[in-house]
Structure formats: C-alpha cells, structure tokens
Amino acid sequence: MAGAARRRDGHIAQERMLEEAMALIAEHGLAALTMSALAERLDTSGGHILYYFGSKDRLLLEALRWSENDLAGERRLLLGRRTTAERKLDQFLELYLPRGPRDPRWMLWIELWARTAANEDLRQAQEEMDRGWQQDLEALLARGVERARFAPMDIPVHASQLLALLDGLSTRVVLGQPDGDRGRALASARSAAALLIPRPAG
C-alpha cells in the first residue's frame with residue numbers, strides 16, 4: 001500500500017504491518033495472509049516482512065498479540081466502569097465473542113490452536129493470552145461477590161468453565177455454522193452465565 005506509515009529510515013512500522021495483516025484476513029481470509037501478499041499490500045519486499053517476523057507462525061502470533069493487546073485495554077476500561085457487576089459481566093461476554101463469521105482475531109486463534117501442539121513458543125504465548133482473560137474475569141467475579149451481586153463461589157473454576165463455553169460458541173460463530181450467528185451465541189452465553197455464576201439467595 002503506497003500510503004503505508006514509514007519510519008524516518010524508510011522502514012514500515014511494525015504496527016502498520018500487523019494492522020494490514022488483520023485487514024488482509026478480514027477481507028480475503030486467513031489463507032490470503034502470506035509474506036508476499038502482505039508485502040505487496042504494503043508496497044515493500046517479502047524480505048522486509050521476513051526481517052521483522054522470521055516466519056509465518058511468528059507473523060500470525062504477533063498479529064494476534066497486537067489484536068489481543070487492544071482488547072486487554074478494553075477489558076481494563078470495562079473493569080473500571082462504575083456500573084453493576086452483572087452489567088460488566090454482560091459486556092465481558094460481548095467483548096469476548098467474535099463480531100461475526102471470519103472475524104480475523106478468531107480466525108487467528110483457531111489457526112494458533114492448530115499449531116500449538118508442535119510449537120512450544122506458540123503454546124506458551126497462547127497460555128499467556130488466555131491467562132489475561134481468565135484473570136480479568138476472576139477480578140470481575142470477585143468484585144461482584146464482594147459487593148453481594150454474586151454469591152460466593154470457587155471463582156477460578158467458574159471463570160474457567162464460562163471461558164471454555166465461550167470458546168465453543170465463538171468457534172461456531174467464526175466458522176459461520178448455520179446456528180452459530182452472533183446473536184444466538186450471545187443469548188446462549190448469557191443463559192450459561194446465569195447458570196454458572198450464582199446469585200445471592202432472595
């Protein structure tokens with residue numbers, strides 16, 4: 001892309017590469033994300049892309065990390081809002097689920113899952129990103145228990161169960177399965193949260 005942001009030394013900024021990688025996935029699917037396709041989009045050389053990322057696995061991982069960093073910022077804002085724990089939980093569900101079929105972030109997640117068994121670096125990176133969601137959901141639930149919006153519970157277990165269910169719903173949405181549109185997934189997530197996260201008696 002002729003207008004791609006460049007540093008003073010003429011090199012394209014890494015963040016711009018990741019932004020364009022996500023846009024390429026959104027427009028043409030994950031298979032379109034190759035070093036050469038990204039280089040053409042940025043009006044640079046494949047060698048320049050390779051210099052920054054070294055391999056397609058690393059490009060996939062860094063694109064996902066870049067996307068997840070944005071969401072981590074949104075989660076911090078969500079946790080700091082002055083609203084009820086129930087409302088925060090509902091907003092957490094909305095933030096977690098894909099926007100729709102071929103959501104580029106979730107397409108990267110599915111690709112990463114397929115590669116982690118043979119790549120220890122990818123496995124560790126996956127665990128690190130998963131841990132961020134787990135910790136923030138635990139903090140949300142703990143605050144809800146503290147303020148008597150939720151009943152006492154084994155917070156890590158309940159958070160892990162809810163996240164596992166969200167992963168399943170998200171996969172159906174991103175793959176475009178007939179009964180897996182975002183609206184239905186969100187309704188299912190809300191029903192599951194109501195069952196998994198206990199409310200105070202009365």
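Tutor: The side chains of arginine 190 and glutamate 94 form a salt bridge, with N and O 3.4 Å apart. A salt bridge here is a side-chain nitrogen of Lys or Arg within 4 Å of a carboxyl oxygen of Asp or Glu. Because arginine 190 lies in helix α9 (residues 182-196) and glutamate 94 in helix α5, the pair ties together parts that are 96 residues apart in sequence. Helices are DSSP runs of H or I with at least four residues, numbered from the N terminus. The model is predicted: local features need pLDDT of at least 70 and side-chain atom pairs count only at pLDDT 80 or more, while totals for chains, interfaces and linings use all residues. Residues are numbered from 1 along each chain as its sequence is written, and side-chain values use heavy atoms, with hydrogens and water left out.

Next comes accessibility. Arginine 190 has a relative accessibility of 37% and so counts as partly exposed; glutamate 94, at 28%, is also partly exposed. The cut-offs, found with a 1.4 Å probe on protein chains only, are under 20% relative accessible area for buried, over 50% for exposed, and partly exposed in between.

By the salt-bridge rule the count comes to 19. One of them joins arginine 149 to glutamate 86, where the closest N and O atoms are 3.1 Å apart. This pair links distant parts of the chain, 63 residues apart: arginine 149 is in the loop between α7 (120-146) and α8 (155-174), and glutamate 86 is in helix α5 (residues 85-96). Arginine 149 is partly exposed at 36%, and glutamate 86 is partly exposed at 24%.

A further salt bridge lies within one helix. Arginine 123 and glutamate 120 meet at 2.3 Å, N to O. They are 3 residues apart in helix α7, so about one helical turn separates them. Arginine 123 is partly exposed at 29%, as is glutamate 120 at 39%. Elsewhere, Arg16, Glu19, Glu20, Glu27 and Arg41 are linked in a network of salt bridges.

Now the pockets. On a 1 Å grid over the protein atoms alone, a pocket is an open set of points where a 1.4 Å probe fits, with protein on both sides within 12 Å along at least five of seven lines; lining residues have an atom within 4 Å of a point. Grid points are joined across faces, edges and corners, and a volume is the space filled by probe spheres set on the points.

The largest pocket has a volume of about 230 Å³. It is lined by 14 residues, and Ser67, Leu71, Glu74, Arg99 and Arg105 are the closest to its centre. Helix α4 gives the most to this lining, with 5 residues.

The second largest pocket has a volume of about 160 Å³. Its lining includes Arg65, Glu68, Arg75, Glu128 and Gly132. The elements that give two or more residues to this lining are α4 and α7, and the largest share, 5 residues, comes from α4.

Leaving out residues up to four places away in sequence, arginine 75 touches Glu68, Phe92, Leu95, Gly132, Trp133 and Asp136, where contact means heavy atoms within 4.5 Å.
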